[in-house]
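Open your viewer and keep the selection panel within reach. This tour goes stop by stop, telling you what to pick and what you will find there.

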Amino acid sequence: MAERKLRVLVGKPGLDGHDRGAKIIARAFRDAGFEVIYTGLHQTPEQIVSASIQEDVDCIALSILSGAHNTLLPAVNELLKEKGADDIVLMVGGVIPEEDIPGLKAAGIREVFTPGTSTETIVAWVRDNVTPHA
Amino acid sequence: MTLAERVLDGDVRAAARLMRDIDDRFKSAVAELKTLYPHTGNAYILGLTGPPGAGKSTLVDQIIAAFRKKELLVGVVAIDPTSPFSGGAILGDRIRMNRHAEDAGVFIRSLATRGCLGGMSRSTMDVVNVMDAMGMDVVIVETVGVGQDEVDIVSTAHTTVVVMVPGMGDDIQAIKAGILEIGDVFVVNKADRDGADRTARELAAMLEMKHPEPGAWLPHVLKTEGSRGIGVEELMEEFEAHRAFLKSSGALQRLIQERNAKLFADTLREELFDRVFGAINENGDYCRITDGMRNRTTDPYTAVEEVLAARAFP
Ligand code: B12
Ligand SMILES: Nc1nc2c(ncn2[C@@H]2O[C@H](COP(=O)(O)OP(=O)(O)OP(=O)(O)O)[C@@H](O)[C@H]2O)c(=O)[nH]1
Ligand SMILES: [Mg+2]
């Protein structure tokens, strides 16, 4: 049987214009052999979820440095549930205060990566925690 | 319900998954494609090709909007290159089309070339067929930013659009015959830049030098500014004109014949190879052949003849 190639959507929700981290993550994922759908800046949760479904990704990797994580991320997760697409792993990185992390995890965000995390660590986490759709 | 039945039922997730199965070369996808095939052949397929960064995706975004205004359903297949080093890819065409993400009348799928030359992926034709079966009125295919001789798009699309930018025509030698042969419509995008008129004129002059057969389609050169949507209306009229020409001239039938022939030949080639190669791998012949080639006791030509002779092809 042929093998699945991992597909990941990398994007930036909200009005946040800091895209260096997202670009670094996109490149690291490509170099790890994943197919990255890079949707760029200013995505609404609706756009992210709809694109993720059309692209049949295994993982949604969002980058947020604006401070709006507590509203945007749960919104994405709710929409995924609504569309029956919550088998897609939702992860996030960026400037996110320690104290917000437990709340995000409780809201269905599988992992949170803060500044300074090496891309090796992030790629390894994806390899260990994201299994391509059967 | 099978995936194909769900696709015909309008299930977007099923369509997306089937495209994945096709791209990942799952054997199960073949059965689904069989079910879908009778429901294909209705979509108008539009191909856009041209050098990297010419503005193909930006134009696709505008073209989607124009077709949506006419209330047509639009599918998009956007292809970007796979990294030969890692096998991964960054598929970025979608960035320019984000405003359509929430429109249920638009389905956009990004594909990586996965080692296929020719500007497309092996799966492109089948993915287009899935969109066709989904009921898309138009399917737009954006190839990777190609050089000059990757022209597979022609056998897939009804109308092939070659997107260029000002300055490219300065050196007539730089435009190889290949790209002139494939275009039904030529676009000089980024018309806001210097030299657009000149490039358009030079291009038109080169096209005129081709001395087309009587009754053949004469490709025009149009100028657009994709980022502001300027010239898109004229572009849409040109598509309409080409489509009408295809129908009235009988060229459409020829195109469909060629497309079918290619789809059949490609499928046959792959299936034959997979079967025969699988069989000789399993029974050990493959090892014996490569061993024989290594010590020069057999040659690849004889080996292939023998492998084929061992199977019945009357
Ligand atoms: C560079 C920078 C800018 C640049 C951005 C350039 C660009 N195109 O990206 C410019 C100058 C434009 C800028 C502007 C602003 N900035 Co600024 N900026 C920074 C700065 C100094 C560094 C960010 C950066 O690029 N880091 C390098 C990248 C590689 O790191 P990273 O994004 O953090 O990514 C790493 C991890 O976080 C993680 N990661 C990130 N994303 C993802 C995604 C996934 C899926 C995963 C797995 C991991 C992951 O992996 C990466 C590698 O370790 C930070 C401070 C800081 N030290 O973080 C402030 C900072 C982010 N900015 C800030 C602010 C306030 C602003 C402005 C609002 C300032 C203003 N008043 O005008 C504007 C807003 C711009 C906008 N439209 O959004 C604040 C945000 C405060 C907050 N969150 O509450 C910060 C934190 C500074 C501060 N301490 O106040 N900024
Ligand atoms: N000045 C100008 N820039 C444009 C125009 N159309 C597109 N662009 C810009 O050109 C850049 C490339 O546009 P894309 O649409 O991504 O080009 P592409 O041909 O799809 O690129 P690849 O898919 O990477 O080959 C973007 O920054 C666009 O904003 C235009 O008419 N004028
Ligand atoms: Mg593009």
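Begin at P115(A): one of its backbone N or O atoms lies 3.3 Å from an oxygen atom of ligand 1, a polar contact, meaning a pair of N or O atoms within 3.5 Å; within protein, one atom must be able to donate a hydrogen and the other to accept it, and residues adjacent in sequence count only if both atoms are side-chain atoms. The elements that give two or more residues to the shell around ligand 1 are helix 1 (20-31), strand 3 (59-64) and strand 4 (89-94) of chain A; helices (H or I, at least four residues) and strands (E, at least two) are DSSP runs numbered from the N terminus.

Before moving on, a word on conventions. The model is predicted, so local features need pLDDT of at least 70 and side-chain atom pairs count only at pLDDT 80 or more, while totals for chains, interfaces and linings use all residues. Residues are numbered from 1 along each chain as its sequence is written, chains are lettered from A and ligands numbered from 1 in the order in which they are written, and side-chain values use heavy atoms, with hydrogens and water left out.

**Stay with ligand 1.** Show the 25 residues around it, of which G17(A), H18(A), S63(A), L65(A) and T117(A) come nearest; a residue belongs here if one of its heavy atoms lies within 4 Å. Helix 1 of chain A gives the largest share of this shell, four residues. Next, pick T117(A), where a polar backbone atom is 2.6 Å from an oxygen atom of the ligand. At G93(A), a polar backbone atom is 3.5 Å from a nitrogen atom of ligand 1.

Which protein atom is the donor to the cobalt atom of ligand 1? Select H18(A): its NE2 is the single donor from the protein, 2.1 Å away. Donors are N, O and S atoms within 2.8 Å of the metal (3.2 Å for Na, K and Ca), and water is not among the atoms, so sites may look incomplete. H18(A) sits in the loop between strand 1 (7-13) and helix 1 of chain A.

**Cross to chain B and ligand 2.** Here 17 residues surround the ligand, the closest being K56(B), S57(B), T58(B), R96(B) and D192(B). Display the distances to its oxygen atoms: a polar side-chain atom of T58(B) lies 2.5 Å from one, a backbone N or O atom of G55(B) lies 2.9 Å from one, and a backbone N or O atom of G53(B) lies 3.1 Å from one.

**Now pick the magnesium ion, ligand 3.** S57(B) (OG), D93(B) (OD) and E142(B) (OE) coordinate this ion at 2.1 to 2.2 Å. S57(B) belongs to helix 4 (residues 56-69) and E142(B) to strand 5 (residues 138-142) of chain B, so the pair ties together parts that are 85 residues apart in sequence. S57(B) counts as buried because its relative accessibility is 7%, where buried means under 20% relative accessible area, exposed over 50% and partly exposed in between (1.4 Å probe, protein chains only). E142(B) is buried too, at 3%.

**Finish between the chains.** Colour the 32 residues of chain B and 38 residues of chain A that take part in the contact, which means heavy atoms within 4.5 Å. About 2800 Å² is buried between chain B and chain A, with carbon and sulfur atoms giving 47%; buried area is the accessible area (1.4 Å probe) that two parts lose on being put together, summed over both. On the chain B side, highlight R13(B), R20(B) and I90(B), which lose the most area to chain A, together 24% of what that side buries.
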